[in-house]
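Welcome! Please take a look at the sequence and the model shown here before reading on.

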Amino acid sequence: MALLQIAEPGESAAPHEHRLAVGIDLGTTNTLVATVRSGMSVVLNDLKGRPLLPSVVSYAADGTVAVGYGAEAKQSVDPKNTIVSVKRFMGRGRRDIAHIETLPYDFLDAEGMVKLKTAAGIKSPVEISAEILKTVRNRAEASLGGELTGAVITVPAYFDDAQRQATKDAARLAGINVLRLLNEPTAAAIAYGLDNSAEGIYAVFDLGGGTFDISILRLSKGVFEVMATGGDSALGGDDFDHRVFCWIIEQAQLAPLSLQDARLLQMRAREAKEQLSQHGQAPITVKLGSGEYVDLVLTTEVFTEITRTLVQKAITPTKKALRDAGLTVADVRGVVMVGGSTRMPQIQHAVADLFKQEPLNNLDPEKVVALGAATQANLLAGNRAAGDDWLLLDVIPLSLGLETMGGLVEKVIPRNSTIPIARAQEFTTFKDGQTAMAIQVVQGERELVSDCRSLARFELRGIPPMVAGAARIRVTFQVDADGLLSVTAREQTTGHEARIEVKPSYGLSDDEIAAMLKDSFSHAGDDAFRRALREAQVEAQRLIEATQSALQDSADLLSTLERAHIDASITKLQTVMIGDDRRAIDQAMQALSAATNEFAARRMNQSVQRALSGRNVDQISL
Amino acid sequence: MSACTTPTADSAVMPEAPPASWQGSESASPVTLSARAADHIAKYIAKRGKGIGIRLGVRTSGCSGMAYKLEFADAANPEDIEFLSHGVKVLVDPKSLPYLAGTELDYAREGLNEGFKFNNPNVKDACGCGESFNT
């Protein structure tokens, strides 16, 4: 007999018509799947009762695929065919992946996104992620006793269109209908029911196994707006383990370790760290393969001391994100803790100290994103309670626009517009008889195309020849509920149309995206400085060229000493103009002008004399 | 899911309402909750933040004649029959009661799946998955 869940009054589903929806937290280190059961969001465990699925996929030569704990076990024996943290490769080109040379995989630089050569053939990050998603889909269908209607999958707030599209593609490949993609910090806020609470600013502090993300969200009228993001893509619980590991080696004065011993100690280090979250001290006793004994006690004091700089590494970007958002800690209504590493009391204290309030941590920080995603999935699948007929809206994080003459950006959809959205704008031709128009779609807050990210490019052809400015081309930007963009250009008189789905030119690093977001808050001063510098450089180049050409014409007017002085001044200016010290460029330009003053005067005299020689005064027009 | 038969016309005819003496008595409740089911229901109601209890019922939809109704109850209807089982208020509408008399609602775990299960002695046959049944 089928097992039933409690429905909202009047909402009992007809038999066989249950709408099963799940939320999936597709994480870098671990993946979770959650659903709403009898009105309550719960994470679905595997058969052994484990909630987490390690985001690890291992390929064998015979084509079999292991996912999760099974794959994790193969990491040490077959690192080349065991892919961990595939999320870092989603929608990325080879050069976007940090420290690619340290990774054990065989990368192929395919069009757009990297691919990996494995024993089972060439796999794209999308296919690898799909294996993880298939595994959680199977778990969900076994748990819910039916086929899934759909899923909400979470992505980091800073994921760009390429990474979001890759995530959607992976879900489709896994046979999952994506109801929508949801930003991870937004999902965490939903899990705490903040979407139903009063409006305000919330901080989401996400310290996972290997990554740290801080997001500042503003909730208003049911819309979560991402005001700022920041973080450190190489900071996580693993770093804390490593500090403990190093401390053990130091304290026990161990000889260089074998691979097994190192692994054993790493495990003990992690256990000690986890124990410290509950107790004031943790004993570490290990017998190593080398015959050496370790018998130490790690206290909270020592742990705090050795990890102080790591905690600071999380606090610094947090302060910066607040600054970027133009906010102070007093503006923050609540802080949501996400990620297993936020269980550490040191982190809890540091966050409480910074924000002058206790963070929200009564939900399991490892599950909170999946729980929020499940809540959203349940609503989207149509299992709504009365009065719950709202739909959470997201916003686009960076403005979308296109390139106009002179390399300038015309923004069509401003950042923080709620999605889905469609906006149209009319453009015209620049030249007489122009029959085609290239449309370059860009994303970013800056004024120049070169400072923004190019997403796609396409051409509208078949514009009837007419004078410049007469053609009317309507360009429509449309962003669907997942934040994916399509652009249509239509010539109004003939109806000729060209259209592109933005499958963006994959490849922008986390840091670059974070930098673009940061730029959007602070570019004004920076741009002014850069423009002034650029102008000074152009002016310096002009001065050097003018001087050199004068030297060629009239070298005879200068003594060797004078010539050497001018040459030295040119060299000096050439050296400083490459740098970014505008003051030094100005000074070197003044020095060169001073050095050539006398020379310029003589040249003037000479040319006057030449002009006058052999002529009568009346022939000279003054 | 297995295929189901179409409902027969006469299964839609509801029997007479049960005697009113059943109302409110815990000891002789015709519909009970297992301790586990009551625990889960209490937890879900607490989490939901509102609700006076749970409503059980049957309706004449479904492929094998009738289907169970299992819903949160925010208010009792005047005709409802109320029981108390392990501290949880159970509401049943009088038309459903004959089909449910003697039923125990249990909370079960089958593999990864978990949820509520009607142990109903009135069921003569059910469709393969048990979501709908005949009495």
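**How to read the model**

This is a predicted model, in which local features need pLDDT of at least 70 and side-chain atom pairs count only at pLDDT 80 or more, while totals for chains, interfaces and linings use all residues. Residues are numbered from 1 along each chain as its sequence is written, and chains are lettered from A and ligands numbered from 1 in the order in which they are written.

**Confidence**

For the complex, the predictor gives an ipTM of 0.71 and a pTM of 0.63. Chain B has a mean pLDDT of 75, with 67% of its residues at 70 or more; pLDDT is the predictor's confidence in each residue, from 0 to 100. Within chain B, confidence is highest in strand E5 (residues 88–92), at a mean of 92, and lowest in strand E8 (residues 125–126), at 68. Helices (H or I, at least four residues) and strands (E, at least two) are DSSP runs, numbered from the N terminus. Over residues 1–27 of chain B, pLDDT stays under 50, and the model has 38 contacts beyond four places in sequence for them. Two residues are in contact if their C-beta atoms, placed from the backbone, lie within 7 Å. Where pLDDT is low, the predicted coordinates should not be read in detail.

**Chain A as a whole**

Chain A holds 13 helices and 28 strands. Of its 622 residues, 43% count as buried. A residue is buried if 20 or more other C-beta atoms, placed from the backbone, lie within 10 Å of its own, exposed if 12 or fewer, and partly exposed in between. Among the contacts in chain A with a separation of 6 or more, 68% come from residues 24 or more positions apart.

**Helices of chain A**

Helix H2 (residues 125–144) of chain A has 20 residues and spans 28 Å from its first C-alpha to its last, close to the 28 Å expected, where the expected span is 1.5 Å times one less than the number of residues. H2(A) is largely enclosed by the rest of the structure, because 16 of its 20 residues are buried. Just after H2(A) comes Gly145(A), with a positive phi of about 70°.

Further along, helix H12 (residues 560–578) and helix H13 (residues 582–612) of chain A pack at an angle of about 160°, their axes 9 Å apart. Axes are lines fitted to C-alpha atoms, for helices over the stretch in contact, and angles run from 0 to 180 degrees between N-to-C directions. H12(A) and H13(A) are therefore roughly antiparallel, a label for angles over 145 degrees. Residues that meet here include Ile566(A), Leu573(A) and Met577(A) from H12(A), and Ala588(A), Leu592(A) and Phe599(A) from H13(A).

**Some single residues**

Asp106(A) lies in strand E8 (residues 106–108) of chain A. It counts as exposed, with 12 C-beta neighbours inside 10 Å. Beyond four places in sequence, Asp106(A) touches Lys80(A), Leu116(A) and Lys117(A). The C-alpha atoms of Asp106(A) and Leu116(A) are 5.6 Å apart, although 10 residues separate them along the chain.

Most residues other than glycine have a negative phi.

Definitions and conventions:
Parallel < 35°, antiparallel > 145°, perpendicular 65-115°, else oblique.
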